[in-house]
Each structure stands twice: as C-alpha cells, then as structure tokens.
Amino acid sequence: MSLYDEQLTRGAGARGSEAPGASTYEVVTEEDLLTIRHAVRSATVEAGFGLVDQTRIVTAASELARNAYIHGGGGSLTVELVRDGARTGLRLTMRDEGPGIPDLEAALTDGYTTGAGLGHGLGGARRLMHEFAVDSDAGEGTTVVATRWNGR
Amino acid sequence: MSTPYPRDGGVPILRLGDVLVTGLLNELDDKSAVAFTDELTERIVADSARGVLIDISRLELIDSFVARTLMELTTMARLLGARVIVAGMRPAVAITLVELGLRLTGVETALNAEAGLVALGWQRMPQPSGEAPRVSLR
C-alpha cells in the first residue's frame with residue numbers, strides 16, 4: 001500500500017514543510033483512522049491537555065476523519081498547535097474533496113445521517129470543541145476547522 | 001467450530017458457566033469491531049450463553065462508530081437470549097460520550113467487571129472461615 005506508506009512517512013516528518021507545530025495526515029484507508037487517533041492523542045499530550053480534554057479532542061478528530069473517509073472519499077487532517085496570547089490550543093483542519101454537504105444545518109443536527117453512523121458525528125464533534133467552522137459547497141468538498149483551547 | 005483466538009490481538013472470549021466474559025482493547029478499528037460482533041454472536045449461540053460481560057476499562061475512546069457497535073451488539077445478543085453488560089467505562093470516555101450526544105440507549109453498564117459479573121448472577125467466593133485459613137490448606 002504505497003499511499004499508506006507515504007502517509008506514514010509524511011506523518012513522521014511533516015514538520016519541516018509546514019508551519020511549525022503542524023502536521024498533516026492523509027485519510028485514505030481505514031487504518032489511517034487509527035494513525036490519526038494516535039497522532040492527535042500525542043499532539044494533545046504535547047499541548048498539555050488533561051485526560052478528559054485529550055479524549056474529547058481525539059474523539060472529535062475520529063468523527064471528522066470518519067466523515068471525510070465515508071462521505072468525502074478521503075481527505076487530509078492537519079493538526080496544529082495554536083497560540084492566542086497566553087493560552088494554547090490544538091486546531092484540527094479536516095479537508096476533503098468529496099461531494100460537499102448539501103444541507104449543513106441538517107448535517108449538524110443529531111440523528112441526521114446519510115451513512116452508517118449514528119448521525120452524531122458533525123454535531124457531536126462541534127460540541128467537543130470550542131471553535132468549529134464548516135466550509136462546504138456542493139461539488140467543492142468540505143473543510144472543517146475545529147479548535148479546543150487549553151485551560152479555558 | 002470457533003477457534004479460541006480468531007481475532008488478531010483481540011481479547012479472548014472466556015466462558016464461565018452460562019456467562020461469556022471478554023473485553024475491548026484501547027484500539028478498536030472498524031474491522032475489529034465487526035469481527036468482534038461476529039465472533040461474540042457465534043459464541044452466544046455455541047455456548048448457549050445467558051449473559052455477556054464486556055470489559056471496556058482499556059478502551060480509551062468511544063466514538064459514534066464504537067457506540068453503534070456496542071448498541072447493535074447488545075440488541076443482537078438480546079435477540080439471542082443473552083443479556084449484555086458493558087463494564088468499566090473510563091470517566092473521560094463517559095464525559096465525552098455524553099457531550100457527543102450518545103447515550104448508549106439499551107446498553108446496560110456496570111462500574112467494573114466485578115459489579116457486572118454480580119449483576120449477571122455471579123457471587124463472590126465465600127470467605128474462608130477463621131478456623132481454616134487458606135494458608136493451612138497448603
């Protein structure tokens with residue numbers, strides 16, 4: 001699986017080519033979902049988050065990555081450490097080139113699903129993070145940017 | 001016939017009387033979740049199990065997929081005549097699940113594996129009496 005290998009390599013050495021503290025991971029296969037959980041967990045530990053916040057952020061990342069995998073035909077997740085004055089946080093940016101979300105309001109409503117999940121993915125991920133923005137146009141793919149701040 | 005360890009790196013399913021005891025590890029990918037469901041339902045039938053204890057104290061994350069797996073598994077087991085108890089959820093996982101909006105409807109839970117086994121009808125071993133301490137039996 002060359003794509004998977006490439007993604008592992010990128011995951012390990014992504015820092016050089018991007019903003020400091022940012023890493024990008026491809027979501028192409030189911031195994032990538034596991035890789036992403038590990039990577040995001042490490043990033044939350046590095047950012048100094050407590051156990052509950054770690055779990056919130058990893059769970060949100062898992063939901064976003066699964067959405068991109070199932071609905072968006074795969075995509076990429078960028079994980080970055082962010083600073084705003086004295087506080088630090090972790091920002092997840094999930095991009096896919098899929099069909100987009102035709103009805104965003106509905107997609108953020110609990111119980112709404114077009115796939116095999118429970119319909120809590122997007123709305124649930126929004127509740128687990130402090131800031132949450134979805135940019136989606138039909139046919140143009142979807143970008144979700146979600147941030148959680150530490151010690152707020 | 002089901003083999004004892006068909007799932008790669010999974011927790012074996014043990015039989016204690018009419019109760020099956022198993023667990024989930026920190027990593028539960030989609031394939032493992034499906035394999036786990038298949039194996040457990042087969043074992044419920046093969047062993048005529050009346051109860052199933054699933055220890056999840058090692059599970060570090062329950063996202064909507066894992067939640068769905070647990071809910072479906074509980075329903076399937078009930079249709080096969082077995083009662084499922086999910087035991088040992090980590091506090092951080094419980095907090096996250098609620099915020100995610102998932103209530104694991106229909107899934108019975110217990111604080112830990114011991115409490116789960118008691119709920120399924122297993123009793124603590126009677127304490128050895130004072131006259132015959134365990135050491136003297138050696």
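Q: Which residues in helix 3 of chain A meet residues in helix 5 of chain A?

A: In this predicted model, the residues that helix 3 of chain A brings to the contact are A:Arg56, A:Thr59, A:Ala60, A:Glu63, A:Leu64, A:Arg66 and A:Asn67, and they meet A:Gly121, A:Leu122, A:Gly124, A:Ala125 and A:Leu128 in helix 5 of chain A. Sorted by class, the contact of these two helices has five nonpolar, four polar and three charged residues.

Q: At what angle do helix 3 of chain A and helix 5 of chain A pack, and how far apart are their axes?

A: Two packed helices are described by the angle between their axes together with the distance between those axes. Here helix 3 of chain A and helix 5 (residues 121-128) of chain A pack at about 150 degrees, and their axes are 9 Å apart. Because angles over 145 degrees count as roughly antiparallel, helix 3 of chain A and helix 5 of chain A are described as roughly antiparallel to each other. The crossing in which helix 3 of chain A passes helix 5 of chain A is left-handed.

Q: In what order do the strands of the open sheet in chain A stand, and with what pairing?

A: Strands of a sheet pair through backbone hydrogen bonds, in either a parallel or an antiparallel manner. In chain A, five strands form an open sheet in the order 1-2-3-5-4, with antiparallel pairing. Strand 1 (22-27) and strand 4 (131-137) of chain A each have a single partner strand and stand at the edges, so one side of each is left without a neighbour in the sheet. On average, and with direction ignored, neighbouring strands of this sheet are turned by 15 degrees against each other.

Q: How many bridges join strand 3 of chain A to strand 5 of chain A?

A: Strand 3 (residues 87-96) and strand 5 (residues 141-149) of chain A run antiparallel and are joined by eight bridges; A:Arg91, for example, stands opposite A:Thr147 in strand 5 of chain A.

Q: Which strands of chain A does helix 3 of chain A lie across?

A: Helix 3 (residues 51-70) of chain A lies across strand 1, strand 2 (75-84), strand 3 and strand 5 of chain A, and runs at about 15 degrees to strand 3 of chain A.

Q: How many residues of chain B are in contact with chain A?

A: In this model, 19 residues of chain B are in contact with 22 residues of chain A. Helix 1 (30-46), helix 2 (64-79) and helix 3 (91-100) of chain B each supply at least two residues of the side that touches chain A, and the largest share, six residues, comes from helix 3 of chain B.

Key. Residues are numbered from 1 along each chain as its sequence is written. Chains are lettered from A and ligands numbered from 1 in the order in which they are written. This is a predicted model: local features need pLDDT of at least 70, side-chain atom pairs count only at pLDDT 80 or more; totals for chains, interfaces and linings use all residues. Two residues are in contact if their C-beta atoms, placed from the backbone, lie within 7 Å. Helices (H or I, at least four residues) and strands (E, at least two) are DSSP runs, numbered from the N terminus. Two strands pair if DSSP finds at least two bridges between them. Axes are lines fitted to C-alpha atoms, for helices over the stretch in contact, and angles run from 0 to 180 degrees between N-to-C directions. Angles under 35 degrees count as roughly parallel, over 145 as roughly antiparallel, 65 to 115 as roughly perpendicular and the rest as oblique. A crossing is left-handed if the near helix is turned anticlockwise from the far one by less than a right angle, and right-handed if clockwise. Ala, Val, Leu, Ile, Met, Phe, Trp, Tyr, Cys and Pro count as nonpolar, Asp, Glu, Lys and Arg as charged, and the others, Gly among them, as polar.
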